[in-house]
Amino acid sequence: MADLRLTAYRQLLGAQVRSQSQYRASFVTDVVGSLMFGVIDVVGVVVVFRMTPTLGGFGFAEVFLMTALAGCAFALADLAVGNVERLRQYVRSGLLDALLVRPLSALAQLAVMDVATRRVGRVAFGAVMVVVAAAYASVTLTPTRLALLVVTPIAGAMIFGAVFVATATVAFWWVESGEIGNGLTYGGLNFTQYPITIYGTLFRRLFAYAIGFAFVAYYPTLALLDRVDPLGAPGLLGYASPAVAIAAVTAAGLMWRAGVRHYRSTGS
Amino acid sequence: MPGDERAPSARAYLALAAAGFRRYATYRQAMVAAVVTNSVFGFLRFAVMLAVLDAGGRTVAGYDEPQLATFVWAGQGLIGVVLLWAPPDLAERIRTGDVVMDLLRPIDPIWQLLAADLGRAGYAAVTRFVGPVIAGALVFELYAPRRPITYAMFVCSALLATVVCFGCRYLVNVAAYWLLDARGPNMFWTITSGILGGLYFPVWFFPDALAAPLIVLTPFPSVIQIPLDVLVERGAAGQQLASLGVQAGWVVAILALCRWVQTRGERKLVIQGG
């Protein structure tokens, strides 16, 4: 039974990837465009550092590593579940009903049906940037650090993915929520690119600790570079990202379930 | 109507603008959601600016702290007035063929849409612009213009910015006459308008040798950067006036380009009848 389900997902996914790559020129344009979104994040940091040697007590190499880790994590999440933000259109149009009557998970169906293959451009760029930034910041590679460097973008992607799903579920209660989720998803990317030391106390508590964005790039970067947190957090937090990611995904999953249970079709 | 040579009256344009105003005034919840989102980004963007100020001197690229605060918060409001990112509705109408309905009307399609867009901008000015500015003013010290004339100039500048932005979006959309799909040009616009237009950071963060030509020779800074520079009184009144001149130049150039591309596009238009 589980096998059958996997086959169904694989076929749905394959159909999506095939259909999206049919129009070659459009596909190439989309891949290049998605890559450019990754590029401007890096350009933004470079330009800001033209104006100042340090930002929140960190130099360019350190912030560049945070930006690279955050960008790679976001790109991965955006590729996998970024399109779940369309949920509010599906709730409005009633398309969600079609997913709910099938014997598969509605969330997983949404993910494979809306997979944005074109976003591989940004993922590839993000991965390259992580390597470049780690080399530029001269991370001394030990097996532990190497593992941390590989795991961090994945854990970060899980955190971003959880935020994508959690903000999309708002649509179950508030259909006209518009782009309000962007403040946490794309805003989360903005937030995680820079050290959390630059934000005001209230904002930091909410974004860095309550949502867990500090674990996308900030704490892992401290651990990778052997730096002490100016805010006084223990160094071990650099290795806590996977645990935080699992907690975030669990919370998002619970919100999703509550949302689906609350969902009453638009009817007619 | 065929044979009807009368130019469309001012009343027709006013009605279109009023319709644009009412259309957006209907979606109040979406407006609130947009204001909240823009304000969140205001906090994020201004935190970076504050960190730059903290690390260095009293000014950055010629802006002091209250000026930067106004730049960021008024900028977050301006996004909604000029409508920097809009869904590619026109491109969709071209793809489906619905655009023939627009072409059959006795008003030029560019003027139809511009009138409606100005109505929309009017509604945004009293809602989406005011919201983030109030949010910013509650938490930070904003720069209030010293010269009263600046307020009038800012209103003019924001109006010109709206028309330039409309023209750029129009050009992006009518690419669909050739491509049947405006995704590529739309992505190009989203990226360049944000980074070269002064939204992510003031254009003056670039080297001066790059910033000055960028402002005059490309339309992007006319949408966000110039209105904000006018508002925070960067330079004397003469320079503000010159900035308005640059914007006016771009209004003429972009609308002329829209007209030319529209004519070529109509010749290219194929309606897939059935």
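User: What makes Trp204(B) count as buried?

Analyst: Trp204(B) has 22 C-beta neighbours inside 10 Å, so Trp204(B) counts as buried; the cut-off is 20 or more other C-beta atoms within 10 Å, with 12 or fewer called exposed and the range in between partly exposed. This is a predicted model, in which local features need pLDDT of at least 70, side-chain atom pairs count only at pLDDT 80 or more, and totals for chains, interfaces and linings use all residues. Residues are numbered from 1 along each chain as its sequence is written, while chains are lettered from A and ligands numbered from 1 in the order in which they are written.

User: Which residues is Trp204(B) in contact with, leaving aside neighbours within four places in sequence?

Analyst: Ala61(B), Gly62(B) and Ala211(B), where contact means C-beta atoms, placed from the backbone, within 7 Å.

User: Why is Asp108(B) called partly exposed?

Analyst: Asp108(B) has 15 C-beta neighbours inside 10 Å, so Asp108(B) counts as partly exposed.

User: Why is α6(B) called oblique to α8(B)?

Analyst: The axes of the two helices, α6(B) and α8(B), come within 10 Å and cross at roughly 130°. That angle makes α6(B) oblique to α8(B): under 35 degrees is roughly parallel, over 145 roughly antiparallel, 65 to 115 roughly perpendicular, and the rest oblique.

User: What classes of residue make the contact of α6(B) with α8(B)?

Analyst: Eight nonpolar, one polar and one charged. Nonpolar covers Ala, Val, Leu, Ile, Met, Phe, Trp, Tyr, Cys and Pro, charged covers Asp, Glu, Lys and Arg, and the others, Gly among them, are polar.

Terms used. Axes fitted to C-alpha atoms, helices over the stretch in contact; angles between N-to-C directions. Helix = DSSP H or I, 4+ residues; strand = E, 2+ residues; numbered from the N terminus. Contact = placed C-beta atoms within 7 Å.
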